[in-house]
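Here are some notes on the aromatic side chains. Please read them with the structure open.

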Amino acid sequence: MVADLFDKYRVFYEQPSDLELARNFIRTRLVKNESIIFVAIMQSSENRIPVGFTQLYPKYSSVRTMQNWILNDLFVEKNYRKQGIGEHLIRTAMEFAQKNGSQFVELSTAVDNFTAQGLYENIGFEKQEPDLNFFKYKINVS
Amino acid sequence: MRGNIRYEIITAQAITRAESKQSGNFIRKSIIKKWSLKNKQFRN
């Protein structure tokens, strides 16, 4: 039910459409209990269809000994945007994190995705300044 | 076509469990949030 949306989300980020890959990826996350996915479903008298989703990945802190969440994916079908669905999904994710004792939900978005940035900032997300105490390093291992 | 559109939020995990049990009732019990938009244009 989510794989089709997940595939469209990847296409939005300029990946080739691959529904089988999307199915396998989502199935694995669910089977291994590695993420939480909230799905928005539209109901009319005739239809009941998924129109958006958000996926959260856990992020653990050894120092704080706690689990926080990365809001990694957010997608709403093009024809259902501007109806508050994305905000409902994000707030649901925030409520979930709060109920589970987390301290924060974090996310990243493209520097030119102004629509998403506006949504996040309206909800209350604050853009983080580069950390003065920690450098972030990254290396490719593939 | 115009009318009320109802939305709900549910976890994918609950959908998967419901699909394996073929139980729509299980999905209804697992709804986390519900809201509706009045007089919206359906765009299917």
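1. First, a term. A residue counts as buried when its relative accessible area is under 20%. By that cut-off Y9(A) and F75(A) are both buried. Keep in mind that this is a predicted model.

2. The search of the whole structure gives 11 aromatic pairs over all chains. One of them joins Y9(A) and F53(A). Their ring centres are 5.8 Å apart, with 80° between the planes, an edge-to-face arrangement. This pair links distant parts of the chain. Y9(A) belongs to helix α1 (residues 3-12) of chain A, and F53(A) to strand β2 (residues 48-61) of chain A. The two residues are 44 residues apart.

3. How buried are the two partners? Y9(A) has a relative accessible area of 11% and is therefore buried. F53(A) is at 0%, so F53(A) is buried as well.

4. Y9(A) also pairs with F75(A). Here the centres lie 6.5 Å apart and the planes stand at 75°, so this pair is edge-to-face. F75(A) sits in strand β3 (residues 66-76) of chain A, while Y9(A) is in helix α1 of chain A, so the contact ties together parts that are 66 residues apart in sequence.

5. Which residues make up the aromatic cluster around these rings? One cluster takes in F6(A), Y9(A), F12(A), Y13(A), F25(A), F53(A) and F75(A).

6. The charged end of R29(A) sits over the F25(A) ring, 4.5 Å from its centre.

Methods: Residues numbered from 1 in each chain as written. Chains lettered and ligands numbered in written order. Predicted model: local features only at pLDDT ≥ 70, side-chain atom pairs only at ≥ 80, totals over all residues. Heavy atoms only, no water. Phe/Tyr/Trp six-rings, centres within 6.5 Å; stacked < 30°, edge-to-face > 60°. Helix = DSSP H or I, 4+ residues; strand = E, 2+ residues; numbered from the N terminus. Buried < 20%, exposed > 50% of the residue type's maximum accessible area, 1.4 Å probe, protein only. Lys NZ or Arg CZ within 6 Å of the ring centre and 35° of its normal.
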